[in-house]
Amino acid sequence: MAYRAPVAEFQFILDHVVGLDEVVATDRFSEATPDVTRAILDGAGRLCDDVLAPLQRPGDLHPARLENGVVRTSPGYAEGYRAIAEGGWVALSAPAEHGGMGLPTALSTAVNDMMSGACLSLQLNPLLTQGQIEALSHHASDEIRALYLPKLIAGDWSGTMNLTEPQAGSDVGALKTRAVPNGDGTYAVTGQKIYITWGDADFMENVVHLVLARLPDAPAGTRGISLFLVPRNLPDAEGRPGVANRVKVVSLEHKLGLHGSPTAVMEFDGATGWMVGQPNKGMAAMFTMMNNARLGVGVQGVGVAEAAFQQALAYAADRRQGPTPLGDGGILGHADVRRMLAGMKAEIFAARAIALSCAVAADMGTATGEADWTARAAFLTPIAKAWGTEVGMEVAQQGVQVHGGMGFIEETGAAQYLRDVRVTAIYEGTNGIQAMDLVGRKLADGGDVAWRLLEEVEQTAEAARGVFPDLAVEVWTAAEALRDTTEWMLAREMTDRFAGAVPFLRAWARVLGAQLHLAAALAEGGSGPRSALARVFIRRLLPEHVSALAAARAGADDLYALSDADLGA
């Protein structure tokens, strides 16, 4: 079965679960009317179904390669990317003053979800460009914005982020790339960066790199990092890509998955660059791009989960293997297979709705300038990123299981989803780092945002008592347990918080997912498939919050009671 974009699902969630109407009611996003939203979702669905989904397998079977210094991309990718660019899909949420549409992040998040399900390897390219547009819009000079943003927004040029070095992964402060002033306002950037997604492509007019580097007199650590814009080709007086800059692809990584997406080792050898933002303030500027990408990576996981689920469902409907309670039809009639598929579908809805809730909060912060909305979006971002990618891995793994032995055979394509999605839990700060961010920075307000979110969960449970009394009690009880553990976290030292951060984030995802399922069931009217799916999530998946919270409160002593030698080091 070919991937089909779940357009109606997005429409329902935006209309009835996460409150897009509140965003559209603002002056900033008043043009995102219901008609515009429907047209955007329908158009993106057609692009994904007809153009991008057919590129999923060719990209895996015919990977990008480096040939005489040129990155040769997978068959059909040039045409697929041109359809993305010419359709304006890079520009959805980009600033209108530079050629973008200025539409809500919630809409671009939905489109990125669909595109990820259709062909994640190709979708990575415009996602990174969108993040670079965001960073330049906030931090670049007027001159840089005027030259680069129209090209990036039109999709003529693409953007990358260059952080990681062989000795500097999550510890970005250990980077060694340097930038020396040329005396004319430009800098000579020298160093090597690794893991650079879409570091080059044979179909791009120009590739624009954002590079973290140190000035000669920079202090040590992250306090001494600056950000530089380094184009592959130096623009001429008319803004066209001119002579080649001193930057090249040294090699392409051989990866577990995402074979259609070239991941490059980049060499900067005195390359000409321009500073973005202030000296030694590069991390603040780069974090703008990274935060944009974190929500985007979260829905990459959800999109791949959707595709893996669709394929597993189609296989289960056709595969005959013994009698079932529903007769001699497909294995979909077997209780255990049905358990897996129902759980997959319930997980996807919850993760998708959390991500769209985060996007709506970000839009409201942009539209109103209210700190509460911005703080809400910040709190939800690590949950949306980590949980969306965890769901991607779990659903893809279950998809292989539904296929049985055929899932382990590459020809079915089921294993590709698992291989492709695995890296999303590492991208843009590993999921462990996301969880530590949740228990650290995101609780630095004393729990204010957490208490507001839990109050909303309990309000939803109260509203559901008359229709779903049993489910409402379970959701309410889970919210109270999460409240107790959040208070425990606030009273502990950071090492204890970090030791339980991952299960703590998991518990938040379970409770928020239950609330959103309950809201969907209420919007449906109390009976129907969404109500049935809410029961699956709340009765079968929500109970995991109990063990997650127990692990969250275990502290760190037992972990450090094991010496390095005890662990076998």
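How do α8 and α10 run relative to each other, roughly parallel or roughly perpendicular? They are roughly parallel. The model behind this report is predicted.

## The α8–α10 pair

Two packed helices are described by the angle between their axes and the distance between the axes. Helix α8 covers residues 282–318 and helix α10 covers residues 371–403. They pack at an angle of about 20 degrees. Their axes are 7 Å apart. Angles under 35 degrees count as roughly parallel, and α8 and α10 are therefore placed in that class.

The crossing of α8 and α10 is left-handed. By class, their contact has 14 nonpolar, 10 polar and 2 charged residues.

## The α9–α16 pair

Helix α9 spans residues 335–368. It packs with α16 at an angle of about 95 degrees, and the axes are 9 Å apart. That makes α9 roughly perpendicular to α16. The contact divides into 9 nonpolar, 3 polar and 2 charged residues.

On the α9 side, the contact is made by Ala-346, Glu-347, Phe-349, Ala-350, Ala-353, Ile-354 and Ser-357. They meet Ala-509, Arg-510, Leu-512, Gly-513, Leu-516, His-517 and Ala-520 in α16.

## Val-337 in α9

Val-337 also lies in helix α9. Its relative accessible area is 10%, so Val-337 is buried; the cut-off for buried is under 20%. Not counting residues up to four places away in sequence, Val-337 touches Ala-316, Ile-331, Leu-332 and Val-402.

Gln-398 is 61 residues from Val-337 in sequence. In space the two are 9.7 Å apart, C-alpha to C-alpha.

## Val-511 in α16

Helix α16 (residues 501–524) holds Val-511. Is Val-511 buried or exposed? At 2% relative accessibility, Val-511 counts as buried. Leaving aside neighbours within four places in sequence, Val-511 is in contact with Val-457, Ala-478, Ala-479, Leu-482 and Leu-542.

Ala-83 gives another distance to check on the structure. Val-511 and Ala-83 are 428 residues apart in sequence. Their C-alpha atoms are 39 Å apart in space.

## Helix α3

Helix α3 takes in 19 residues, 34–52. At 1.5 Å a residue, α3 should span 27 Å. Its end C-alpha atoms are 25 Å apart, which agrees.

Which residues of α3 are buried? They are Thr-37, Ile-40, Leu-41, Gly-43, Ala-44, Gly-45, Leu-47, Cys-48, Asp-49 and Leu-52. An α-helix has 3.6 residues a turn, so residues three or four places apart point the same way. The buried residues of α3 pack against α1 (7–16), α2 (20–24), α4 (56–61), α5 (77–86) and α6 (105–139).

In α12, the buried residues are Asn-431, Gln-434, Ala-435, Asp-437, Leu-438 and Val-439. What covers them includes α8, α10, α14 (469–490), α15 (494–499) and α16.

Thr-424 sits in the loop between α11 (414–421) and α12 (431–439). Thr-424 is buried, with a relative accessible area of 0%. Which residues does Thr-424 contact, leaving aside its neighbours within four places in sequence? They are Leu-120, Val-297, Gln-300, Lys-385, Thr-389 and Asn-431. Asn-431, one of these contacts, is itself among the buried residues of α12.

Key:
Residues are numbered from 1 along each chain as its sequence is written. This is a predicted model: local features need pLDDT of at least 70, side-chain atom pairs count only at pLDDT 80 or more; totals for chains, interfaces and linings use all residues. Side-chain values use heavy atoms; hydrogens and water are left out. Axes are lines fitted to C-alpha atoms, for helices over the stretch in contact, and angles run from 0 to 180 degrees between N-to-C directions. Helices (H or I, at least four residues) and strands (E, at least two) are DSSP runs, numbered from the N terminus. Angles under 35 degrees count as roughly parallel, over 145 as roughly antiparallel, 65 to 115 as roughly perpendicular and the rest as oblique. A crossing is left-handed if the near helix is turned anticlockwise from the far one by less than a right angle, and right-handed if clockwise. Ala, Val, Leu, Ile, Met, Phe, Trp, Tyr, Cys and Pro count as nonpolar, Asp, Glu, Lys and Arg as charged, and the others, Gly among them, as polar. The expected span of a helix is 1.5 Å times one less than its number of residues. Buried means under 20% relative accessible area, exposed over 50%, partly exposed in between (1.4 Å probe, protein chains only). Contact means heavy atoms within 4.5 Å.
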